[in-house]
Amino acid sequence: MSKIYLYPLWLRVWHWLNALCFLILILTGLGMHYAGTWVSFISFEYSRLFHNFFGILLSVNYAFFLFGNLYTGNYKQYIPKLNGIINRIYLQARYYSYGIFQGEDHPFHTDVENKFNPLQQITYLFIMYVFLPLVVISGILLFFPETAPDKIWGMGGIWPVAIFHISIGYVLSFFMFAHIYLATHGKTVTANFKSMIDGYHEH
Amino acid sequence: MLVFYTIWFLLFASSLFPEEAKDCARCHGMETLAARTQGGGVRSFFIHPGKFDDSYHKELKCTECHSKGLEIYPHRSEALPSADCLHCHGEKKDFWDKTEEKKALLSKMKDIETEYRVSIHSESNVKCETCHNPHEFNLDLEREKGLDHLIKTENELCLNCHLEPRKWKSFRKEDAEPKDYRHPFVVHAWLPSRELHWEKVRCLDCHSSYSGTNLSHHIQKKEKAVRDCKSCHSNDSILKDKLYKMALRQEKNKSGLMNTMLWNEAYIIGATRNFYLDLLSSLSFGLGFLVMAFHGFMRYKTSKRMEGKSE
């Protein structure tokens, strides 16, 4: 069994703080969106309060991530090599949907140069550089509703921003649950979770 | 400038009044017509010609309500309305029995009177005309200018008194229990996004009763005000029964979709959910969880099979 150091401390701190923010924001978002129904078990008042607080924390954490990524060069992990990308994504998807049940090995192994498999890479690229900034920006517009335009396409300005924010929120929520499940696809069910705590990846 | 303005009004403003009112308009069409009150304030006697012409009472002669004390100038105090609003809006059957629409309106007026009689305003000197200037009042016109305008106008009515301690005290009856004035900013300190609420919701949406006839004239004591966020911020928002009731009825007749109007006018967290978006997300999550559960189960079976083979 060999171990490689893949995840520096700043990355692990960012990751778990991000996870906490995601969890609280999802629960409190549901608390407000479904206020008055069985779905919302946190009161509207506290949902609003904590959603605002953790929304700001997520935004700050995201800024920290952008800086850390740039400063350490970790951002390169998110840039896919376009040559043969479709085939690589297919191979990884095939492994998850078929190969894993045949006892096949992972088609792409993790190393320092390539921490992500192709499917992870393309997903994380969109999540971290498209969806997360969009949810942060739309969240800020909702936090300061006077900054939203009075009308967007004939509708009251806040409504389209809110629907956009909720839609992106649903996408990120779905990602989080899928991410947690796919994290169990390590050497053991808990291996990847351990990696994100101590920074070492086991082959 | 003042002289020019005065002459202009004397010459032209009176022409905007009905024929019978031109004599009255000679003075009451002057914006500067006012007198000092005993309390040191100023009481205006100006009747805005344009607004009167848009009001519900535009076809009434001045003498319908002001019939006494007009012989001398300035008029005696008897020139103030000789009858209160309910004289016409409660009793004058011959006028109200003319059409079905008028009968329905009379019935509504009686319900409004009933609500007023149990409201906190009836314990003070607040009367109909305190909030509804009979020379300008036209709610239908205000509604046509949009919800934001309606909210702003109606809230200004309340804040006119409730932001002014002296004015607030002046409406209290002499034999009323002593009560300290509290500024609305202080009283509403608990309310998140207070100013935004005041822009988007009327005072009486939280401070009037929703039970019975629900005509927003049963203004309640502040202890009974709506304080539960879920009352408005849920699918069953009480705002649909008050602030948005008229507009929703109009919109439902137009498009059949209750939420359409709300989409166009306001976003209320928890109340203006998009049914299709929520359905799509629920189905997606449900399907996703099923797929993950099945995938996990199959992985478990596979690993057991592999363990069996290796043994």
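A residue counts as buried at under 20% relative accessible area, as exposed at over 50%, and as partly exposed in between (1.4 Å probe, protein chains only).

## Basis of the model

This is a predicted model, in which local features need pLDDT of at least 70 and side-chain atom pairs count only at pLDDT 80 or more, while totals for chains, interfaces and linings use all residues. Residues are numbered from 1 along each chain as its sequence is written, chains are lettered from A, and side-chain values use heavy atoms, without hydrogens and water.

Phe65(A) lies in helix 2 of chain A and Tyr78(A) in the loop between helix 2 and helix 3 (85–97), so the pair ties together parts that are 13 residues apart in sequence. Helices are DSSP runs (H or I) of at least four residues, numbered from the N terminus.

Phe65(A) is buried, at 0% relative accessibility, and Tyr78(A) is buried at 4%.

## A buried arginine

Arg273(B) is located in the loop between helix 15 (258–265) and helix 16 (275–310) of chain B. With a relative accessible area of 13%, Arg273(B) is buried. The side chain of Arg273(B) has a polar atom 3.4 Å from the backbone oxygen of His33(A).

Notes:
Helix = DSSP H or I, 4+ residues; strand = E, 2+ residues; numbered from the N terminus. Polar contact = N/O pair within 3.5 Å; in protein donor to acceptor, adjacent residues only side chain to side chain.
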